[in-house]
Amino acid sequence: MDTSTLKTIAYQLMQGNKGLLAMDESTATCNKRFQELGIPQTEEYRRKYRDLIVNAPGLEEYISGAILFDETIKQSTADGTLFIDILKHKGIIPGIKVDEGAIPMAGFPGEKITEGLDGLGDRLKNYYKMGARFAKWRAVITIGADIPSPTCIKANAYTLARYAMFCQEAGLVPIVEPEVVMDGDHSLQKCAEVTTEVIHALFNALYQHRVDLEGIILKPNMILPGENSPEKPGLDEVAEATIKCFLKTVPASVPGIAFLSGGQQAALASERLNRMHTRFGDVMPWVLTFSFSRAIQQPALELWKGNDDNIVAAQRALVHRAACNSAAKMGVYSADMETGPQ
């Protein structure tokens, strides 16, 4: 294991004003979003959409790495240029989603465990040969009556740690994503308690599996109430709860934390990230950035709608959202930026 190279890649992903673009939607998820907008749910339209993204002019000014799906890493432009080669030419490091999805956890109603460890070592070696230099694995933790259970938390932490070790042995930086989802009506305080427990369990498992913490990136949720909760916390409350949680749980040796957006509205996700930097930028020992999917892509997708005539407008909207989140990472985002391309 070349730990120095892993640390260099992790540093490059977290550099300057940049963040990550999560364009790793599974075929089913991508088709679902297409269906909502009346876009044909075919491989060719998925290819055209991803072509729009990777060729967006100026994307590389704000994005350091792009997480791809198995289908995407093998796809090309109409002239046969691989998407992964376009990203590398732009200086955007290619990554790959390697988990095989969350399934119901036997014996634990309402809870999930993520699959994909079988054959993972060989798959990672193949992705490395294709040009990927980091990977991602998502665990799903749901808050509800009597859940999450300690068993669910421990099992998902264990699989994340096994995945991370496989990645480092294959030369890929692992992004570990323990997502406490927004589903439900739980309070902000409950989210803080569960997320603290989950991240504690995760780093305990990573330590036990001899994962080099200087060669990973954490991709967590922000501390937020459930989407059905009547509680509507302000920016300061979310920022304080989130950073306090991370200061308690995330070792200073971790190079960076890259938030998932988790279904937040695009502008609100930017506002919250920005407030964390303006309030706590001088006390955070790790880089804090974004690894958004819908909070960057959705406005562009809604503009494109599968129509080639809308590609330029969609690309502008995509890069605009990336620029907003870049500004938030630097603590200089303002609502005035939202008057740009939509």
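Two strands count as paired when DSSP finds at least two bridges between them. Keep that in mind as you look at this predicted model, starting with strand 1 (residues 19–22) and strand 2 (residues 63–68): they run parallel and are joined by 4 bridges. To find one of those links by eye, go to Leu 20, whose bridge partner in strand 2 is Gly 65.

Now step back to the whole sheet. Altogether 8 strands close into a barrel, with parallel pairing, and you can trace them in the order 1-2-3-6-7-8-9-10. Helix 8 (residues 188–208) packs on this sheet, where it touches strand 6 (134–141), strand 7 (173–180) and strand 8 (217–218). The direction of helix 8 makes about 150 degrees with that of strand 7.

Next, the nonpolar packing. In soluble globular proteins, nonpolar side chains tend to be buried together. Here the largest nonpolar core has 98 residues, and Leu 59, Tyr 163 and Phe 203 have the most contacts inside it. Take Tyr 163: leaving aside residues up to four places away in sequence, its neighbours in contact include Val 98, Leu 117, Trp 137 and Ile 175. There's also a second, separate core of 14 residues, with Leu 6, Leu 13, Met 14 and Phe 134 among them.

Finally, have a look at the largest pocket, with a volume of about 1300 Å³. Its lining takes in 45 residues, and nearest its centre lie Arg 33, Arg 138, Glu 179, Gly 262 and Arg 294. Elements that give two or more residues to this lining include strand 6, strand 7, helix 10 (266–280) and helix 11 (294–304). Helix 2 gives the most, with 4 residues.

Note on methods. Residues numbered from 1 in each chain as written. Predicted model: local features only at pLDDT ≥ 70, side-chain atom pairs only at ≥ 80, totals over all residues. Heavy atoms only, no water. Contact = heavy atoms within 4.5 Å. Axes fitted to C-alpha atoms, helices over the stretch in contact; angles between N-to-C directions. Core = buried A, V, L, I, M, F, W, Y, C linked by side-chain atoms within 4.5 Å. Buried < 20%, exposed > 50% of the residue type's maximum accessible area, 1.4 Å probe, protein only. 1 Å grid on protein atoms, 1.4 Å probe; cavity = no way out; pocket = protein on both sides within 12 Å on 5 of 7 lines; lining within 4 Å. Points joined across faces, edges and corners; volume = space filled by probe spheres on them.
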